[in-house]
Amino acid sequence: MSSPSPLQAFHNVGRLSALAEGQTYDFATAYPHGGTALGLVRDVQIRRTEGRQIITAEEFGVEVVDEVYTGEAWVIAFALRGWDSDAILEVFPNTNLGSSSKFRGVDYPGTTIKPGALKSATATKVLFTPDDDKNHPAVYMPNAIAELAEDLTIALGRTEEVLIACAFRALRDGATAGRSVQVRLLEDLSA
């Protein structure tokens, strides 16, 4: 193990891209690696929730004697800066492309995804590519569903930047073993 160094603490800025089901990223090529760039983003975070079941011993009262690991859930959350057409298409359930303006808008209730539909049918591949891909980890989710903040406010005035709180939730890319998320250097990712 190496000695601690201030260089291990870093600001990992980067960009997001998405890729349709059935296609494959080429991590050896330049960003967006064969995918579609998802506009400007900020405040990108990966969030991991670990499931666990605590085991207590009756003879010791509430004292914990062990713990069962029950899996993990992963999300990559971010703020979309502005109204990027490709990003809007990925994150909102129902969108349209204006016939004259070619501006991507949002329709509700829309016709693509109706209430009660499984979002896994619209899953996509998502990749966070760090600006410094030789020293900072990338995040790859081979099967992810888009999410917006449940209660979303989008500033439309002059004093604030348009920020849309978004996320992609990792799902397994196979019914059995599958993969859910990889957090490692770009060159070590497997498509």
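Which residues does Ile76 touch, not counting residues up to four places away in sequence? With contact taken as heavy atoms within 4.5 Å, Ile76 touches Leu16, Val44, Gln45, Ile46, Phe128, Val139, Met141, Cys166, Ala167 and Phe168. This is a predicted model, in which local features need pLDDT of at least 70 and side-chain atom pairs count only at pLDDT 80 or more, while totals for chains, interfaces and linings use all residues. Residues are numbered from 1 along each chain as its sequence is written, and side-chain values use heavy atoms, with hydrogens and water left out.

Ile76 also has a place in the largest nonpolar core, which has 22 residues. A nonpolar core is a set of buried Ala, Val, Leu, Ile, Met, Phe, Trp, Tyr and Cys residues joined through side-chain atoms within 4.5 Å. Buried means under 20% relative accessible area, exposed means over 50%, and partly exposed lies in between, with a 1.4 Å probe and protein chains only. The members that touch the most other members are Leu16, Ile76, Phe78, Leu80, Val91, Met141 and Phe168. At least two residues of this core come from each of β1 (14-19), β4 (64-81), α1 (85-91), β7 (124-130), β8 (138-148) and β9 (163-170). These elements are DSSP runs numbered from the N terminus, helices being H or I of at least four residues and strands E of at least two. A second, separate core has eight residues, among them Phe27, Ala138, Leu186 and Leu189.

Strand β4 also has pairing partners, where two strands pair if DSSP finds at least two bridges between them. Strand β3 (residues 40-56) runs antiparallel to β4 and is joined to it by 14 bridges; in this pairing, Thr56 has Val64 of β4 as its bridge partner. Strands β4 and β9 are likewise antiparallel, with seven bridges between them, and Leu80 has Ile164 in β9 as its bridge partner.

Val68 is partly exposed, with a relative accessible area of 36%. Not counting residues up to four places away in sequence, Val68 touches Gly51, Arg52, Gln53 and Ile55. Although Val68 and Ala20 are 48 residues apart along the chain, a distance of 36 Å separates their C-alpha atoms. Together with Ile55, Phe60 and Val65, Val68 forms a nonpolar surface patch with about 320 Å² of accessible area. Such patches are made of residues with over 30% relative accessible area and no salt bridge, like charges being joined within 9 Å and nonpolar side chains (Val, Leu, Ile, Met, Phe, Trp, Tyr) within 5 Å. Accessible areas come from the Shrake-Rupley method with a 1.4 Å probe, and for residues only the protein chains shown count as cover.

Charged pairs come next. A salt bridge is a side-chain nitrogen of Lys or Arg within 4 Å of a carboxyl oxygen of Asp or Glu, and the whole structure holds eleven of them. In one of these, Glu72 pairs with Arg48, and the closest N and O atoms are 3.3 Å apart. Glu72 lies in strand β4 and Arg48 in strand β3, so this pair ties together parts 24 residues apart in sequence. Glu67 and Arg52 form another, with 3.6 Å between the closest N and O atoms; Glu67 lies in strand β4 and Arg52 in strand β3, so the parts tied together are 15 residues apart in sequence. Arg48, Glu50, Arg52, Glu67 and Glu72 are linked in a network of salt bridges. Glu161 and Arg81 meet in a salt bridge at 2.5 Å, N to O. This pair links distant parts of the chain, 80 residues apart, with Glu161 in the loop between β8 and β9 and Arg81 in strand β4.

Most residues other than glycine have a negative phi, and most peptide bonds are trans. The peptide bond from Tyr31 to Pro32, however, is cis, with omega near 10°, and Pro32 lies in the loop between β1 and β2 (36-37). Another cis peptide bond, with omega about 10°, joins Tyr108 and Pro109. His33 is not a glycine, yet has a positive phi of about 60°; at 3% relative accessibility, His33 counts as buried. Asp43 also has a positive phi, near 55°, and lies in strand β3. Asp43 counts as partly exposed at 49% relative accessibility.
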